[in-house]
Amino acid sequence: MKFIAGIFKVLKDTTWPTRKQVWRDYIAILEYTAFFTVIIFIFDKLLTLGLIELINIF
């Protein structure tokens, strides 16, 4: 039973983020997601245009 008691002790000693920090983390995740979505979209468009040009040559 020391294992279960140890789990509760670890949970009690853990510092949980404040509401403000949770919102900051949430916004940061949204920003990174939007940034990489735009990068992938641009890369996809460039790759598609390059392939279309290659196909039009032949």
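A: In this predicted model, the protein chain exposes about 6000 Å², and carbon and sulfur atoms supply 75% of that area. Of its 58 residues, 0% count as buried. The radius of gyration is 24 Å, whereas a compact globule of 58 residues would have one near 10 Å. The C-alpha trace spans about 75 × 30 × 5 Å along its principal axes. The secondary structure comprises 2 helices and 0 strands.

The part examined here is helix H1, which covers residues 2-13. Ile7 lies in this helix and belongs to a nonpolar surface patch together with Phe3, Ile4, Phe8, Leu11 and Trp16. The accessible area of these residues together is about 690 Å². Ile7 has a relative accessibility of 35% and therefore counts as partly exposed.

Helix H1 also holds a charged pair. Lys9 and Asp13 both lie in this helix, 4 residues apart, which is about one turn. Side chains of opposite charge can pair when their charged atoms come close. Lys9 forms a salt bridge with Asp13, and the closest N and O atoms are 2.8 Å apart, within the 4 Å limit applied to such contacts. Lys9 counts as exposed because its relative accessibility is 52%, while Asp13, at 48%, counts as partly exposed; the boundary between these two classes is 50%.

For the chain as a whole, the count comes to 1 salt bridge. The protein chain has 7 positive and 5 negative side chains, and the centres of these two sets lie 20 Å apart.

Key. Residues numbered from 1 in each chain as written. Predicted model: local features only at pLDDT ≥ 70, side-chain atom pairs only at ≥ 80, totals over all residues. Heavy atoms only, no water. Patch = residues over 30% accessible without salt bridge, like charges linked within 9 Å, V, L, I, M, F, W, Y side chains within 5 Å. Areas by Shrake-Rupley, 256 points an atom, 1.4 Å probe, with all protein chains shown as cover. Salt bridge = Lys/Arg side-chain N within 4 Å of Asp/Glu carboxyl O. Buried < 20%, exposed > 50% of the residue type's maximum accessible area, 1.4 Å probe, protein only. Rg over C-alpha atoms; globule rule 2.2 N^0.38 Å. Lys, Arg positive; Asp, Glu negative; His and termini not counted. Charge placed at Lys NZ, Arg CZ, Asp CG, Glu CD.
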